[in-house]
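Student: Could you walk me through this one? I have not looked at it before.
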Amino acid sequence: MCPIKLLILNLKSKWKATVLFIAYFSFISFLSFVGISIFFKERLHGNYIEASHNFIPFSTIGMYFLNFGSYNFYTWFYNTLGNILLFIPFGMFLALFFPKVTRVWAIIIILLFSFLIEAMQLISHLGVFDVDDIILKTVGGFLGFLIFNLLNRTKINE
């Protein structure tokens with residue numbers, strides 16, 4: 001293929017990926033700050049009387065897994081696997097836009113972005129800070145990063 005055609009194809013692909021990333025970022029923002037409030041209307045007004053923030057690693061994760069039967073499936077899924085699944089695309093976008101980023105830097109970037117979301121929820125009162133959410137989102141993002149690189153490597157080797 002002609003190098004100019006390849007460049008144009010790459011620019012079109014990057015443009016589409018950028019649009020998808022903006023849509024994904026908007027979705028995460030909505031879900032993190034407004035979406036949760038749809039289910040807990042009192043939180044739209046900053047009423048956190050019943051909300052408790054978690055600063056102890058693995059306490060929420062442990063609570064959900066050890067007391068699985070005490071929660072409805074939606075609550076359990078959203079607070080555990082939902083956080084992981086939500087961030088898989090973030091890791092994929094990270095690997096796509098920054099192909100030379102190392103695994104260590106990918107973890108650091110995903111961790112910082114996850115922390116930023118949780119800190120903004122704490123400050124804005126439109127969510128609950130949970131260190132376990134940071135852990136789960138980082139796991140999800142790193143899985144996405146690994147999946148993208150694995151698929152990309154397989155595609156290159158074919």
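Student: How many helices and strands does the protein chain have?
Tutor: The secondary structure of the protein chain comes to 6 helices and 0 strands, where helices (H or I, at least four residues) and strands (E, at least two) are DSSP runs numbered from the N terminus. This is a predicted model, in which local features need pLDDT of at least 70 and side-chain atom pairs count only at pLDDT 80 or more, while totals for chains, interfaces and linings use all residues. Residues are numbered from 1 along each chain as its sequence is written, and side-chain values use heavy atoms, with hydrogens and water left out.
Student: Okay, where does Ile84 lie?
Tutor: Ile84 lies in helix H4, which covers residues 81-97.
Student: And why does Ile84 count as buried?
Tutor: Ile84 counts as buried because its relative accessibility is 16%, and buried means under 20% relative accessible area, exposed over 50% and partly exposed in between, with a 1.4 Å probe and protein chains only.
Student: What does Ile84 touch, leaving out residues up to four places away in sequence?
Tutor: Ile84 touches Leu136, Val139, Gly140 and Leu143, a contact being heavy atoms within 4.5 Å. Gly140 is 56 residues from Ile84 along the chain, yet their C-alpha atoms are separated by 4.0 Å.
Student: Switching topic, is Leu112 buried or exposed?
Tutor: Leu112, in helix H5 (residues 103-124), is exposed, with a relative accessible area of 55%.
Student: What about the chain as a whole, how much of it is buried?
Tutor: Of the 158 residues in the protein chain, 34% are buried.
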